[in-house]
Structures are given as structure tokens and as C-alpha cells.
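Have the structure open while you read.

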Amino acid sequence: MLAFMLMENSDAKPHLIHSLVDDKIPFCEYFIIPYVIWYFFLIGTVLYFTFFCGSKKEYYQVLGTLGLGMTVFLIVSYVYPNGQNLRPELSGDSVFIQAVQFLYKIDTPTNIFPSMHVFNATASCVALLQNERCRKHKICSAGILALTVSIVLSTMFLKQHSVADVLTALILNILCYQLFYKLIPGSQEKVAQLLSRKELLTVPNLLSVLRLMLALLFLGIFERHGLETQKMLLSVILIAAAATDFLDGRIARMFHQISMMGKILDPLADKVMQGAVLICLSAHYSLAKPVLILFFLKESYMLVRGWKVFMMTNAQWGAQWHGKLNTAVCYAVALILFAGPGIPRSTANVLIGASAVCMTMSLLMYIDEFRVLLGRTKHPVRRKVPERIQRENLLP
């Protein structure tokens, strides 16, 4: 709440969230009723799972979902200041109009993406419908579902949120549901191992977390203040991120602090930092836009295949040299373009192209390594395992 209040008082120029469907949805002041009930619905759900539900597992599922969703919302609001201009001019003196006027006064039309009203209502609904005691009462379940639907609709009919806010919140809820209700319960042993104190509390992991925070700070400063006025600060942040990337691996090997969590956090921080850099570059260099698309395709593939390797094998797999090279080249290109005085457009395109070549090479090598790790080759007996994988004992 403190972070939200600080961002609400920010003077950053928001990106307007708007869709054609928003113009087709009429304003209806009566939806203020389910909109306000949301507060009681959310608090009641948390109190139920805290004091009246005997399942500790369900308690952590609902709190984990709410906590992760609201954290993602805060991060999005910081790195992508957003708002809407859908609110109509209100006329009339009915109690419903007065309530909507009060809502407009206390809740600004900024930091709306994704809609936390929709996310939290849907998360509460899912948690209650998953609860065995609630499922036994059909009327109660139907009432919860109807209330949730009316809350979701109220955000659009009161012109408090765009359809895009609602859809993004629903997608975020689906992802959180898959994580807390499907993936984690299905792999409790590995998750417990990852979240142990030995895995978490190491200096390399703290450096990776620091780099992750620097990446978000980098993107937030760029979105809020632009590149031209903050080139020096962005360059300093980029150098600091590169330093943590260099140090965490050295410290992990030197002091025997290599951990499975570190093998997840280190590449994650690298990818977020690299994505932030490419987003910044794509706003000023047209050639960086297809490179950004390539980056998202590469990382989507890595996420899916990497999770499959983690779940289906015992392979001790982590970031490879070509991935590190790709990240280093991206850092170097960004530093040259940020700090270099008057780099010609043609030279900038050559540098960005070099980054794209390294990214493509890394993607192809990761595809090959994933195939080996998962044993999905056409001739597994005759296939020669890449020497780099044998040397690092990466096979199950």
C-alpha cells in the first residue's frame, strides 16, 4: 500500500490504456454496489482462510496468489506508468452518482494496469471454489461466482478500468493459478529444496536479486524520465548490473556457494536486464525492435524447455558460456550507445546487428543442449553428447 501511494503521487506522464471496446460499454452507476462489495469480499476471503479453513496448503495458495499478483502490479506500475481517460462527466444527485463521484475523488485514473480489483476478486473466487467446504454448498458457490462476475463487470461499467486492464488481470490470475494450484503442489519436493535457507541465503543469490532490482530500476527510470536526460544514470546502473553479473559466478565457485536457486536467479536477472536494455534501445533505434522480438521468442522457448528439464530430469543445468556472451555483448552495445558521443546511425545498426547474431547463436546452441538433456534425438545411441555438457556433468 505504501508503494502504491508513492506511485499515485508520482508526476510521471502515464501511458493511456484504451481499446475500441471501451467506447461501446455504457456507464452505469448501479455497478458501484458490487464494486464496493469487493472490499468486503477480499477481506472476508483472507479472514476465512486465515482463521476458519483448516488447510494450511489452501492458506498459502490464496496468500501466495494475492501476494504475487499485487507485486507484479506494483512492478508494472513502476516500469510502465499507466492511466485512462474513460471517466464521463457525472450529473445527477442520486446516492449512486454521489458514491461514484466519491470513488473518482479518492481513486485516481492512474496505475490501473492490470486491474487489481479484477485480479483479487477472481483469485478469491478461485480459492473459495477450490475449497471443499464451499463446494458442498451449491448456492454459496453460485453466489460467489455471480458476485465475482459482477465485480469484474463493475470495473468497466463504472469506467474505472479498460477492457485491457480486465483481460490482463484475468491472464495474470490464470498464470498464478497454474503456479500455486498446479505446478508447486505437483513438485513439492523440488520446490521445498529450492526454497530452503541453504539455497536462498547466499551472497551470489543476493547479488542476482540486486541485479534484478537494478533492471527494474533501469526500466522505470527510462519510462519515467527518458533516455536523453538520464543517459549517465542509466549507464551507471548498467555498469553496476554487469559488475554483479561478473561477481556472483566468481564468488559462487570460489566459496562453494553454487545452488539450484542461483542457477535460476542468475539467468533470470540477466534476461530481465537484457530485456530492459532492448526495450530502451527499441524506442530509439528501429533495428532494435526485431531484436527485441527475437529476444522474447528466445526467452519464451527457454522458459518452457528449461522448466521441462527441471521437472523431468535431475540435470544440473545452468547458464552456458554463449548465454553469458550474449548478455555481455548486449551490455557493451548499450553502454557504447548510451555513453558514446554522437554514435552514427549506421554504426549503431552494426552494433545492434552484432547483438542479434550473438542472440541467434545462443538460441541455436540452447536448442541443441535441451534436446540432449531431454533425450529427444532421432539417433540417441549414436549421438555424440556435446563436450561442454559432458564436462559440466549436466546429464541426469
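This is a predicted model: local features need pLDDT of at least 70, side-chain atom pairs count only at pLDDT 80 or more; totals for chains, interfaces and linings use all residues.

Searching the whole structure turns up 12 aromatic pairs, and two of them are picked out below.

**A stacked pair**
- F31 and F157 make a stacked aromatic pair, with 4.7 Å centre to centre and 15° between the planes.
- This pair ties together distant parts of the chain, 126 residues apart: F31 sits in the loop between α2 (20-24) and α3 (32-52), while F157 belongs to helix α8 (residues 138-157).

**An edge-to-face pair and its cluster**
- Y301 and F370 have ring centres 5.9 Å apart and planes at 65°, so they count as edge-to-face, which takes an angle over 60 degrees.
- Distant parts of the chain are linked here too: Y301 is in helix α15 (residues 288-312) and F370 in helix α17 (residues 345-374), 69 residues apart.
- Y301 is partly exposed because its relative accessibility is 24%, which lies between the 20% and 50% cut-offs.
- F370, on the other hand, is buried, at 0% relative accessible area.
- Y366 joins in as well: ring pairs connect Y301, Y366 and F370 into a cluster.

**Q274 and its contacts**
- Q274 lies in helix α14 (residues 260-282).
- With a relative accessible area of 0%, Q274 is buried.
- The Q274 side chain makes a polar contact of 3.4 Å with the side chain of N326.
- If you skip neighbours within four places in sequence, Q274 touches F295, N326, T327, C330 and M359.

Notes. Residues are numbered from 1 along each chain as its sequence is written. Side-chain values use heavy atoms; hydrogens and water are left out. Rings of Phe, Tyr and Trp (its six-membered ring) pair if their centres lie within 6.5 Å; planes under 30 degrees apart count as stacked, over 60 as edge-to-face and the rest as tilted. Helices (H or I, at least four residues) and strands (E, at least two) are DSSP runs, numbered from the N terminus. Buried means under 20% relative accessible area, exposed over 50%, partly exposed in between (1.4 Å probe, protein chains only). A polar contact is a pair of N or O atoms within 3.5 Å; within protein, one must be able to donate a hydrogen and the other to accept it, and residues adjacent in sequence count only if both atoms are side-chain atoms. Contact means heavy atoms within 4.5 Å.
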